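Subject: Structure for you to look at, with notes

Dear colleague,

Please find below the structure I promised to pass on. My notes on what was found in it follow directly after.

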Amino acid sequence: MHPTLVDLGFYQLPSYGVLVALGVVAGLLTLKRRGDHAGLDGGQLVDVGLWLVIWALVGAKGLLVLVELPRYLHDPAQLIGLVRAGGVFLGGFLAAVVAGVVLFRRYRLPVLATLDVFVPSLALGQAIGRVGCLLAGCCWGSRCDLPWAITYNDPAAAANVGTPLHAALHPYPAYESLLDLGLYVVLALLYRRRPSAGRVFATYLIAYGGGRFLLEWTRGDAARGFVLSGALSTSQLIALAMIVLGAALHSAIARRRKP
């Protein structure tokens, strides 16, 4: 792990920030190309995408505060750390979807068709961003006795985000990065087949929701919050809602296509 990519003494370049930025750039580039091929204005989609990135950051940090509200109420000074924290991805996803629907209508873009254009690029950006999590030591996994377990040993990670050191853990960020990369390939191939509007987005909801729900069992950090007396994490509850919404959308599209 390398939480600091470049250390000049007077300035440190964080690995997490660099990888997240690369993920955003890769996502926007593929979004523009896919939008142009779909007959939409790729440049306009990039503009919308940049706004959605901002709203995603707000939503991710907002959900982080919500699930750890007692900690922040006890010590409000810790809110300053939100500048560096990435937040909870699913909070960012929910905020971006809501903002996206509003912006799509404002720019007179077809909502479902535009969501189909966006989600493959979202999965690619996630895959790259999760590598940043692995390098930074955040979103660490639970104890692991498997051959591919990883052990964090950089004191900077422990100081920055509380990463457990010198313990064999599941490489959760690597798991999700592989999930997201596989999902990007599947969604990109599905999009090329020109399915009915909304199919690609619905598939993302089900596939990512299902994968995230299962992978949550391998996480060890407590930054997600828990519900139902600790039985499920907040992220798992949102993932279940994504699965239900995706299945409902697939069903609605199928009914709409019937004569």
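To begin with the aromatic residues, Phe89, Phe93, Tyr204 and Tyr208 are linked by ring pairs into a cluster, where rings of Phe, Tyr and Trp (its six-membered ring) pair if their centres lie within 6.5 Å, and planes under 30 degrees apart count as stacked, over 60 as edge-to-face and the rest as tilted. Before going further, please keep in mind that this is a predicted model, in which local features need pLDDT of at least 70 and side-chain atom pairs count only at pLDDT 80 or more, while totals for chains, interfaces and linings use all residues. Residues are numbered from 1 along each chain as its sequence is written, and side-chain values use heavy atoms, with hydrogens and water left out.

By the ring rule, the count comes to 6 aromatic pairs. In one of these, the ring centres of Phe93 and Tyr204 are 5.7 Å apart and the planes stand at 40 degrees, so the pair is tilted. This pair links distant parts of the chain, with Phe93 in helix α4 (residues 89-106) and Tyr204 in helix α8 (residues 199-215), 111 residues apart; helices (H or I, at least four residues) and strands (E, at least two) are DSSP runs, numbered from the N terminus. Phe93 and Tyr204 are both buried, where buried means under 20% relative accessible area, exposed over 50% and partly exposed in between (1.4 Å probe, protein chains only). Phe104 and Phe118 form another tilted aromatic pair, at 5.6 Å centre to centre and 40 degrees between the planes. Since Phe104 lies in helix α4 and Phe118 in helix α5 (residues 111-136), the pair ties together parts that are 14 residues apart in sequence, and Phe104 and Phe118 are both buried.

Turning to helix packing, the axes of α7 and α8 come within 10 Å and cross at roughly 160 degrees, with axes being lines fitted to C-alpha atoms, for helices over the stretch in contact, and angles running from 0 to 180 degrees between N-to-C directions. The two helices α7 and α8 are therefore roughly antiparallel to each other, given that angles under 35 degrees count as roughly parallel, over 145 as roughly antiparallel, 65 to 115 as roughly perpendicular and the rest as oblique.

Helix α1 (residues 15-37) packs with helix α7 (residues 172-192) at an angle of about 15 degrees, their axes 12 Å apart, which makes α1 roughly parallel to α7. The contact is made by Thr30, Arg33 and Arg34 of α1 with Tyr184, Ala188 and Tyr191 of α7, contact meaning heavy atoms within 4.5 Å.

Most residues other than glycine have a negative phi. Cys139, although not a glycine, has a positive phi of about 55 degrees; Cys139 lies in the loop between α5 and β3 (150-151) and is buried, with a relative accessible area of 13%. Arg194 is not a glycine either and has a positive phi of about 55 degrees, but Arg194 lies in the loop between α7 and α8 and, at 69% relative accessibility, counts as exposed.

Finally, Thr4 is found in strand β1 (residues 4-7) and, at 33% relative accessibility, counts as partly exposed.
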